[in-house]
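Biologist: Can you walk me through the packing in this one? Start with what you mean by a core.
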Amino acid sequence: MITIREERLDNGLQILFVDESNRYFGDYHRVCIQITLVCALDELPVVNSDDEAFRDSAIESLGKELKVVKRLERMGVPTADVERVRQSMIEAFMENASPYLNRPEYPRSLVDAELKKRRTHSFYG
């Protein structure tokens, strides 16, 4: 796996794009881009004691950084088009997701969502 692009947003969020593409039949490829959102928890903004408590709790539960992995995939891409398709997938992701991911409050929202996922337990009696 090769990191093909790295972005650092103004809010501190880091986005890594890793190529996981492969040829699966004849001249046809599966173009797969693994996107990893990396949030350094010790860089979460602290304005008041609630923010500090949230940050400390997040570090205790999740460690020093939170990594969230997503994948973009396109099947049936001819060899001649692999690089163009790969780049267009990354550009489309950045164009559509960047305004949302770049919001100042997004890192905290991302961490909060991960903490809530880990707290949710179902018990059947």
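Modeller: A nonpolar core is a set of buried Ala, Val, Leu, Ile, Met, Phe, Trp, Tyr and Cys residues joined through side-chain atoms within 4.5 Å. Keep in mind that this is a predicted model.

Biologist: Fine. Which residues touch the most other members of the largest nonpolar core?
Modeller: I15, L101 and V111 do, in a core of 29 residues.

Biologist: Which elements give two or more residues to this core?
Modeller: The strands are β2 (14-19), β4 (28-40) and β5 (65-78). The helices are α1 (49-62), α2 (82-101) and α3 (106-119). The largest share comes from α2, with eight residues.

Biologist: Back to V111. What does V111 touch?
Modeller: Leaving out residues up to four places away in sequence, V111 touches C39, L41, L44, F54, A58, L62 and L66.

Biologist: New topic: holes. How many cavities of 30 Å³ or more?
Modeller: The count is one. The volume of the largest cavity is about 50 Å³.

Biologist: What lines the largest cavity?
Modeller: N11, G12, L13, C39, A40, E43, L44, P45 and P107. That lining splits into six nonpolar residues, two polar and one charged. C39 and L44 are in the lining, and V111 touches both C39 and L44.

Biologist: And R103, where does R103 lie?
Modeller: In the loop between α2 and α3.

Biologist: What separates the C-alpha atoms of R103 and L13?
Modeller: 9.9 Å, with R103 and L13 sitting 90 residues apart along the chain. L13 is also one of the residues lining the largest cavity.

Definitions and conventions. Residues numbered from 1 in each chain as written. Predicted model: local features only at pLDDT ≥ 70, side-chain atom pairs only at ≥ 80, totals over all residues. Heavy atoms only, no water. 1 Å grid on protein atoms, 1.4 Å probe; cavity = no way out; pocket = protein on both sides within 12 Å on 5 of 7 lines; lining within 4 Å. Points joined across faces, edges and corners; volume = space filled by probe spheres on them. Nonpolar A, V, L, I, M, F, W, Y, C, P; charged D, E, K, R; others polar. Buried < 20%, exposed > 50% of the residue type's maximum accessible area, 1.4 Å probe, protein only. Helix = DSSP H or I, 4+ residues; strand = E, 2+ residues; numbered from the N terminus. Contact = heavy atoms within 4.5 Å.
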